[in-house]
Amino acid sequence: MLLKKSAEENLSVRLSLVISPRLRMLLTTKPTTCMLDPIPSRLLKDLLPDLIDPLLNIINSSLSLGYVPKTFKLAAIKPLIKKTQLDPNELINYRPISNIPFLSKILEKVVSSQLYSFLQKNDICEDFQSGFRPYHSTETALIRVTNDLLLSSDRGCIFLLVLLDLSAAFNTVDHNILLNRLENYVGISGSALAWFKSYLSDRYQFVAVNEEVSYRSQVQYGVPQGSVLGPLLFTVYMLPLGDIIRKYGVSFHCYADDTQLYISSRPGETYQFDKLTDCVAELKNWMTSNFLLLNSEKTEVLIIGPKTSACNNLKHCLILDGCSVNSSSSVRNLGVLFDGNLSFENHISSICKTAFFHLKNISKLRPMLSMSNAETLIHAFTTTRSDYCNALLGGCSACLINKLQLVQNAAARVLTRTKKYDHISLVLSTLHWLPIKHRIDFKILLIT
């Protein structure tokens, strides 16, 4: 998919120089200090009026020359465990987060803004990729998927939802393929392409744990996790994925490296699901040729639809990627538990169980906490969980919504130290907490 020549000439020959409106990037960037920074980032922002001219010269020179300074291409890796329940002694359970110098973040933010604007203006962005895009989130992705599933379920169709799992996708990106994608698929050329070549070449990193550092090693593959530009480059790397899936008439939605495929069929026409099998086979071939690993063992399948004999037989004959895959009663999709009838009962039960566990611990600490600190803890451990993707719960039964309301009531009692049998409505009103049902309605209206 090549861009029109006029678009290439106007936008991709070179990255434009930073002018005064770009100064907002310096002011809005979080002043997080990396161990590679010569001075604290907050101090740098305080001194910005005196340093703005030399900073702009550095950024503009980098863009005009198509060159990234070597000091900007060194990263300190801080290992971050993926899930708290994983074994901390297994290195595979850690995510390598790259901490880069503050000035490097500013430069990457400038380039990321211009690259994304270019992709948007020329309609290159994948419509069904919600990762790292303004006004897109895991919630908007799941709303779209859930809406499609519910509409087909209303027509009496069986739905097959497949959640693909990629192993270390950000770390296996091939730089030559990425540059080829930028040049021939996106249409980047001239000094802009030279800048990306410089950005990806001669990168080094070291691991820092408990003030101990490892030796420096060269980064020959992958895009930096934790950087500003890395995630956007990854989505560019994955652009051909959508074209492959569309060939088979399969619906899909992506969030970064999480890809979900789904297809519907009438109960007597389950042969339609063969398209999904063929699609996954080609996807794996494409991923193999692009140095990405599709983890078949962690690929999850969910069958959504009426409990018919055809639906039951499907559970025993589903084959993906040459392996027989058993469907699950529920799957975790971007942090939300989906079940076979889209009731979200398992998801709500999981939220309640976790929330009550944390409320019990907070109640023990409550006598030692101020009102504001206790409220912060409650919002961090309970409200955030009940609010996450709550737009999906708009059609849930009153019984399930009431379970979440009991969590909110308990949180209000812990915070205000209200007795168990005292009325809670006035307490919620005093705290200015919307009841759960109204919070869901508010979220739907906000998104709309």
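Helices H10 and H11 cross with a right-handed sense in this predicted model. Two packed helices are described by the angle between their axes and the distance between the axes. Here the axes of H10 (residues 240-247) and H11 (residues 274-289) come within 9 Å. They cross at roughly 155°. H10 and H11 are therefore roughly antiparallel to each other. On the H10 side, the contact is made by Pro240, Leu241, Ile244, Ile245 and Lys247. H11 contributes Cys279, Glu282, Leu283, Trp286 and Met287. Of the residues in this contact, 8 are nonpolar and 2 are charged, with no polar ones.

Strands of a sheet pair through backbone hydrogen bonds, either parallel or antiparallel. This open sheet has 4 strands, in the order S8-S9-S3-S11, and its pairing is antiparallel. Strands S8 (251-255) and S11 (300-304) stand at the edges. Each has a single partner strand, so one side of each is left without a neighbour in the sheet. Neighbouring strands are turned by 15° against each other on average, direction ignored. S8 is joined to S9 (residues 258-265) by 5 bridges. Cys254 has Thr259 of S9 as its bridge partner.

The mean pLDDT is 86, and 88% of residues reach 70 or more. Over residues 1-13, pLDDT stays under 50.

Notes
Residues numbered from 1 in each chain as written. Predicted model: local features only at pLDDT ≥ 70, side-chain atom pairs only at ≥ 80, totals over all residues. Heavy atoms only, no water. Axes fitted to C-alpha atoms, helices over the stretch in contact; angles between N-to-C directions. Helix = DSSP H or I, 4+ residues; strand = E, 2+ residues; numbered from the N terminus. Parallel < 35°, antiparallel > 145°, perpendicular 65-115°, else oblique. Left-handed = near helix turned anticlockwise from the far one by under 90°. Contact = heavy atoms within 4.5 Å. Nonpolar A, V, L, I, M, F, W, Y, C, P; charged D, E, K, R; others polar. pLDDT = per-residue confidence, 0-100. Pairing = 2+ DSSP bridges.
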